[in-house]
Amino acid sequence: MPKTNKNRERKSKKGPDRLEYLSQLKSEFEESRSEGNKLQVLGNLANFAYDPQNYGHLELLEIPKLFIGSCYDGPPIRREFAIGGIANCCGYPPFKTFFLENGVMEAIFSIYLHPESG
């Protein structure tokens, strides 16, 4: 994963800070046995990937790596959610480089050329 100094902390008055919340989401994704829960969490992570304020946290937690892994694992809908997360944060140059160096384009082409597999 690329390393940046853009690890911004943002705390709300109620509940965990953003980094803690994203860490909880990642843990829930990794520990869940329910495909429905995995999809919901992956969708939430993809939504967080849209906000540049989250890039440092996503990088620290290796969420882009999770998106790539989800392109190869699970049913087609999970792979589509992973592509959504990738699309939401690929405008950030370190993530773009990371994705390209780790075969994201090939994974995306495979998903859309063979949607029934997985």
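Here is a short walk through a predicted model, from its surface to its cysteines and one loop serine. Local features need pLDDT of at least 70 and side-chain atom pairs count only at pLDDT 80 or more, while totals for chains, interfaces and linings use all residues. Residues are numbered from 1 along each chain as its sequence is written, and side-chain values use heavy atoms, with hydrogens and water left out.

Leu100, Met105, Phe109 and Leu113 make a nonpolar surface patch of about 430 Å². Such patches consist of residues with over 30% relative accessible area and no salt bridge, with nonpolar side chains (Val, Leu, Ile, Met, Phe, Trp, Tyr) joined within 5 Å and like charges within 9 Å; a salt bridge is a side-chain nitrogen of Lys or Arg within 4 Å of a carboxyl oxygen of Asp or Glu. Areas come from the Shrake-Rupley method with a 1.4 Å probe, and for residues only the protein chains shown count as cover. Helix α7 (residues 104-113) gives the largest share of the patch, three residues, whereas Leu100 sits in helix α6 (residues 93-101). Helices are DSSP runs (H or I, at least four residues), numbered from the N terminus.

Now the cysteines. The structure holds zero disulfides, a disulfide being a pair of cysteine sulfur atoms within 2.5 Å. For Cys89, the closest cysteine sulfur is in Cys90, 6.9 Å away and so too far for a bond. Cys89 is also buried, at 0% relative accessibility, where buried means under 20% relative accessible area.

Finally, look at Ser32, in the loop between α1 (18-31) and α2 (35-48). Ser32 counts as buried at 14% relative accessibility, and its side chain reaches the backbone nitrogen of Ser34 at 3.1 Å.

Technical notes: Helices (H or I, at least four residues) and strands (E, at least two) are DSSP runs, numbered from the N terminus. Buried means under 20% relative accessible area, exposed over 50%, partly exposed in between (1.4 Å probe, protein chains only). A polar contact is a pair of N or O atoms within 3.5 Å; within protein, one must be able to donate a hydrogen and the other to accept it, and residues adjacent in sequence count only if both atoms are side-chain atoms.
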